[in-house]
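Here's a quick tour of one structure, meant to be read with the model open beside you. Grab your viewer and follow along.

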Amino acid sequence: MAELTTLESLLEMGFDRNRAEKAVANTGNQGIEQAMDWLMEHENDPDIDEPFVPPVGNVLGGGADSQSTTEQPSLADTAEGFTFSSLCHRLHSGDRIGTAGDGSCDNDDSAKIPMSEDEKLELEELMRVKQAERRERERAEELEHEKQRRKHGQELQQIRQKLQDDDMKKLTDQRMKEKMEDKMARQRVKDKIARDREERAQKFGGGGPPSTAASSQPAQPSPPSPTSHGPPPTKKEYDESRIQVRMLDGSTLTAVFKAQEPLAAVRVYVQVNGNTPEGQDFTLLSPYPRHVYTELDMEKPLKELGLVPSAVLVVAKK
C-alpha cells in the first residue's frame with residue numbers, strides 16, 4: 001500500500017499514470033519528492049510515454065519491495081524542510097500512521113485517504129519550485145556552454161590570423177630578399193659596364209700627338225671602325241614581369257614579380273590579396289591566346305611561360 005499511496009498522490013497531482021508508474025519504479029519507491037524529481041528530469045525523454053513494463057518480482061504494492069525498502073531509511077525522512085512523510089503526519093494527525101522506508105505513509109487499516117486541497121497546493125508549489133530550479137540550472141548550463149563556444153571560436157580565429165600573418169611575413173621577407181639581390185646584381189652589371197668603357201677609352205683614345213703632316217692634310221672622314229661602336233646590340237633581357245590579374249568579380253590586381261619566380265608565386269599573391277571566398281579552389285589562364293595553366297605550370301618560371309616583361313592573367317573556378 002506504500003507504493004500505491006505514492007502512485008495515487010502523483011495521479012491526484014495530474015501526472016499521467018504511465019509516467020507515474022515509471023517514476024515510482026525508477027526511484028525505488030523512495031517517496032513523492034524523489035518521484036517528482038525523476039518526472040521533471042525525464043519529462044523530455046523520447047521514451048517517457050512508452051508503456052511501462054514492471055520488472056519481474058517488482059509489482060506495485062508487492063510485499064518484497066516494501067520489505068526491502070523498509071530496511072533502508074528514506075532520504076525524504078532525513079531531509080530538512082518539507083517532506084512527504086511530514087505532510088502525511090499533518091494530513092493524518094490523530095490517526096495511527098506508519099512511515100514506510102520509501103517515504104510514503106501507510107495506516108494500520110490500509111485505507112487510502114484522499115489528499116486535501118491545501119496539501120495538493122503544497123505539493124504543486126513544491127513541484128513548481130523544483131521546476132523553476134531545474135530551469136535556472138539548465139539556463140546557467142546553456143550560458144556556460146555558449147561562453148565556452150565563443151571562447152573556442154575566438155581562439156581558433158586568433159590561431160588562423162596568426163598563421164596568415166606568419167605566411168604573409170615570410171612572403172614579404174622573401175620578396176625583400178629577392179629585391180635586394182636583384183639590386184646588387186644590377187649594380188654589379190653597371191660597375192662592369194663602367195670598367196669596360198674605361199678600358200676601351202684607354203685602349204683606343206690614348207695615342208701620341210698628331211704629326212704636322214697629318215695636321216696639314218684636310219680631315220677626311222674615316223670609315224667607321226667596328227670597334228668604335230662596341231659590340232652589336234643584343235636583345236634586352238628582362239628580369240622582372242608586371243602581372244595584372246583579373247578576379248572573378250571583375251576587379252584587378254597588379255604586382256611585379258621576378259622573371260625567375262614560379263607561377264605559384266602569382267597564385268599565392270592572389271590568394272592573400274584577392275577577394276576569392278575562403279576555401280574556394282581556382283586556377284589561372286591567359287586570355288589571348290587562351291591557355292589554362294596546370295599544376296605542372298605552377299612550378300615553371302614566368303620567363304619560361306612567356307609572361308615576361310608583362311602579362312594579363314584571369315582567375316577561373318576549377
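This is a predicted model: local features need pLDDT of at least 70, side-chain atom pairs count only at pLDDT 80 or more; totals for chains, interfaces and linings use all residues.

Let's begin with H2 (residues 17–26) and H3 (residues 32–41). Their axes come within 9 Å and cross at roughly 120 degrees, which makes H2 oblique to H3. As for handedness, the H2 and H3 crossing is right-handed. Who does the touching? On the H2 side you'll find Arg-19, Ala-20, Lys-22, Ala-23 and Asn-26, and they meet Ala-35, Trp-38 and Leu-39 of H3. Sorted by class, that H2–H3 contact has five nonpolar residues, one polar and two charged.

In the loop between H2 and H3 sits Asn-29. Its phi is near 55 degrees, a positive value in a residue that isn't glycine. Is Asn-29 buried or exposed? Asn-29 is buried, because its relative accessible area is 4% and the cut-off for buried is under 20%.

**The sheet**

Five strands make an open sheet, ordered S4-S3-S7-S5-S6, with mixed pairing. S4 (252–258) and S6 (290–292) are the edge strands; each has a single partner strand, so one side of each has no neighbour in the sheet. On average, and ignoring direction, neighbouring strands here are turned by 30 degrees against each other.

Zoom in on S3 (residues 240–246) and S4: they pair in the antiparallel sense over seven bridges.

H7 (residues 117–204) touches S3 and S4, and its direction makes about 50 degrees with that of S4. H9 (residues 263–273) touches S3, S4, S5 (282–287) and S7 (310–317), with its direction at about 145 degrees to that of S4.

**Two cis peptide bonds**

Which residues are joined by cis peptide bonds?

| Cis peptide bond | Omega |
|---|---|
| Tyr-288 and Pro-289 | about -10 degrees |
| Val-308 and Pro-309 | about 10 degrees |

Both prolines sit in loops of the sheet region: Pro-289 is in the loop between S5 and S6, while Pro-309 is in the loop between S6 and S7. If you're still looking at S6, recall that this strand stands at an edge of the sheet.

Methods
Residues are numbered from 1 along each chain as its sequence is written. Side-chain values use heavy atoms; hydrogens and water are left out. Axes are lines fitted to C-alpha atoms, for helices over the stretch in contact, and angles run from 0 to 180 degrees between N-to-C directions. Helices (H or I, at least four residues) and strands (E, at least two) are DSSP runs, numbered from the N terminus. Angles under 35 degrees count as roughly parallel, over 145 as roughly antiparallel, 65 to 115 as roughly perpendicular and the rest as oblique. A crossing is left-handed if the near helix is turned anticlockwise from the far one by less than a right angle, and right-handed if clockwise. Contact means heavy atoms within 4.5 Å. Ala, Val, Leu, Ile, Met, Phe, Trp, Tyr, Cys and Pro count as nonpolar, Asp, Glu, Lys and Arg as charged, and the others, Gly among them, as polar. Two strands pair if DSSP finds at least two bridges between them. Buried means under 20% relative accessible area, exposed over 50%, partly exposed in between (1.4 Å probe, protein chains only).
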